[in-house]
Amino acid sequence: MPRYTVHVRGEWLAVPCQDSSLTVMWLGREAVRRYIKNKPDNGGFASVDDVKFYVRRCKGLGLLDHDDLLEVALEDNEFVEVVIEGDVMSPDFIPSQPEGVYLYSKYREPDKYIALDGDSLTTEDLVNLGKGLYKIKLTPEAEKKVQDSREVIESIVREKTVVYGITTGFGKFARTVIPISKLRELQVNLVRSHSSGVGKPLIPERCRMLMALRINVLAKGYSGISLETLKQVIEMFNASCLPYIPEKGTVGASGDLAPLSHLALGLIGEGKMWSPKSGWADAKYVLEAHGLKPVILKPKEGLALINGTQMITSLGCEAVERASAIARQADIVAALTLEVLKGTTKAFDTDIHALRPHRGQIEVAFRFRSLLDSDHHPSEIAESHRFCDRVQDAYTMRCCPQVHGVVNDTIAFVKDIILTEINSATDNPMVFANRGETISGGNFHGEYPAKALDYLAIAVHELASISERRIERLCNPALSELPAFLVAEGGLNSGFMIAHCTAAALVSENKALCHPSSVDSLSTSAATEDHVSMGGWAARKALRVIEHVEQVLAIELLAACQGIEFLRPLRTTTPLEKVYDLVRSVVRPWIKDRVMAPDIEATHRLLVDQKVWEVAVPYIEKYRMEQNQELFPESRPISPTAFSLGSLHSRANAKHDPLESEDL
């Protein structure tokens, strides 16, 4: 007998259908009838006949025709949503899908796998797992380590040894011994009681990252989880069954208990869960729809699932990857602005930066030369002011290598910490199979990623701070020699006037967000956990800072391209013309005032998707190869493909100079 799971006003109803030749209208009416029946006040309706509604699939939100036959329109056990007319505009309306559902309507189950062993996951891998590009499997070595650690737990239970978190309570209750008959109940109670987070749920990408990272840590073999349970978790990840995980509630020690508990809650079939097939629904329904069974927790397994720094670190992975991407592209945007403002390239001379040889500074200066060097890329704009009397430029242009450079070096420093953290065991207690014992420690403390991500936010913010000043120079006719606010018929048109205000507002907001969260600590758990990292907020606000930086640089890129319009027919260098062409493929020139927000969003998307970098990087690396040949004519030239965007993926955990790669 076909059965459908129907979402009505925040309630999930299982509706069996004895006759699949019935219509979508029948399914909607039957779901509403059951909803009214379950409500003391009939849901505010006199009868089902009073209710007007439409029906749509949860996956992709496609509307269904009321006259379509169920056997034609829907698959067995499909998830659908009945939206009552007028509800969508109500503040009480609870949709089945998270924000940005349009991104998931095109979701396709991946057919490629990443093998996890707990030791070699990269930040790039984790971000790609979050995007749903790969499924997960364990290496044979990881499976053996997991089995060996579980044997230690089974031995403790058999011998009735008193061990924290296995045969005792938690935190302040660590001295309370739990009877053997209640050890499973202990783990379920732990997960339920610790599921106390608040706020919006993590978006699917971030939930996938969190889930994948916890699997990687469990694969190290120091957590005591059974291989059976771990494989169940992997099956849920591979089916994209993602628990409801509120973003707020962790203090970052003992680990990220609240968010990881919500993760575990979904795995045991409780709470809410999301999948591309179902949207938000009760976890038990989502698992059943995918042919999966809830996890039945064994001794120690609840603790194994919730103890660690994976919330901080998974968000930190996204932060460091996005920071790397925007830092690379900030050099390109600034180079274009320098051209429009008719700046000089002398400040990027190799010999200047050799005297202060910070890696990031040297690399940024190199990128400016690769984009602006007139011997390689003739620029009519540069030629037009070759003999002007200007000696040097403002700091916002002249000091880009020094300012952008330290951002690059900071990202490399933070990435090294995050890379270590994602391949670290952060449980308590640790299970050492080779010693046959468990040891309590403090690897769950999130101070390392918390401090690193506070540092990251402070550094990356500077890209927006200096960018906003360059936007001011572009918009101010006294500084740019261009029309005020980069628009013709000023006064009638306001041009980039308020776009600059938006950039200023974002920079100001970042100043508050850059206050380090990790300088704070509040004692919790009756002073048992008397020092915490506050790393969850460090990670979340780092992402907000980086998004603001991306948006400010999007505004600068738009403004620089608009400035080019007033310098035509003169052309800039070939690589920068390619950047201009890319922007113009999504945003047309500003002839007269129009709504600017969509233009900013379209340009922001170019930066997030690294399209600006993809356009410029061939020229940067060709220049690198030519410079190397000039310096070392007898040596084998470096292939530009050695610096492809995915080159780091194959090098995994290798220790290498970050400035020899594309990562900075």
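**Entry 1: cavities**

I looked up the largest cavity and found a volume of about 60 Å³. On a 1 Å grid over the protein atoms alone, a cavity is a set of points where a 1.4 Å probe fits but cannot get out, and a pocket is an open set with protein on both sides within 12 Å along at least five of seven lines; lining residues have an atom within 4 Å of a point. Grid points are joined across faces, edges and corners, and a volume is the space filled by probe spheres set on the points. By this rule I count four cavities of 30 Å³ or more.

I note that this is a predicted model, in which local features need pLDDT of at least 70 and side-chain atom pairs count only at pLDDT 80 or more, while totals for chains, interfaces and linings use all residues. Residues are numbered from 1 along each chain as its sequence is written, and side-chain values use heavy atoms, with hydrogens and water left out.

The lining of the largest cavity includes Phe 496, Leu 558, Trp 590 and Met 596, and Arg 584, Arg 588, Arg 594 and Asp 599 are also among its residues. I recorded six nonpolar, one polar and four charged residues in that lining (Ala, Val, Leu, Ile, Met, Phe, Trp, Tyr, Cys and Pro count as nonpolar, Asp, Glu, Lys and Arg as charged, and the others, Gly among them, as polar).

**Entry 2: second largest pocket**

I found about 650 Å³ of space in the second largest pocket. Its lining comprises 26 residues, and Thr 344, Thr 345, Lys 346, Ser 374 and Arg 386 lie nearest the centre. By class I noted eight nonpolar, eight polar and 10 charged residues. Helices H11, H13 (359–372), H14 (380–384) and H23 (611–631) each supply at least two lining residues; H13 gives the most, with three. Helices (H or I, at least four residues) and strands (E, at least two) are DSSP runs, numbered from the N terminus.

**Entry 3: helix packing**

I next examined H3 (residues 123–130) against H11 (residues 310–340): their axes come within 9 Å and cross at roughly 105°. H3 is therefore roughly perpendicular to H11 (angles under 35 degrees count as roughly parallel, over 145 as roughly antiparallel, 65 to 115 as roughly perpendicular and the rest as oblique). Axes are lines fitted to C-alpha atoms, for helices over the stretch in contact, and angles run from 0 to 180 degrees between N-to-C directions. Thr 123, Glu 124, Leu 126 and Val 127 of H3 meet Ser 314, Cys 317, Glu 318, Val 320 and Glu 321 of H11, contact meaning heavy atoms within 4.5 Å. I classed the residues of this contact as four nonpolar, two polar and three charged.

For H6 (residues 204–218) and H8, I found an angle of about 85° with the axes 11 Å apart. H6 is therefore roughly perpendicular to H8. Leu 210, Met 211 and Arg 214 of H6 make the contact with Leu 260, Leu 263 and Leu 267 of H8. I noted five nonpolar, no polar and one charged residues there.

**Entry 4: backbone geometry**

Most residues other than glycine have a negative phi, and most peptide bonds are trans. I found a cis peptide bond joining Ala 253 and Ser 254, with omega about 5°; Ser 254 is in the loop between strand S10 (246–248) and helix H8 (257–267). The bond from Asn 428 to Pro 429 is also cis, with omega near -5°. Glu 481 has a positive phi, near 60°, and lies in the loop between H18 (477–480) and H19 (497–513).
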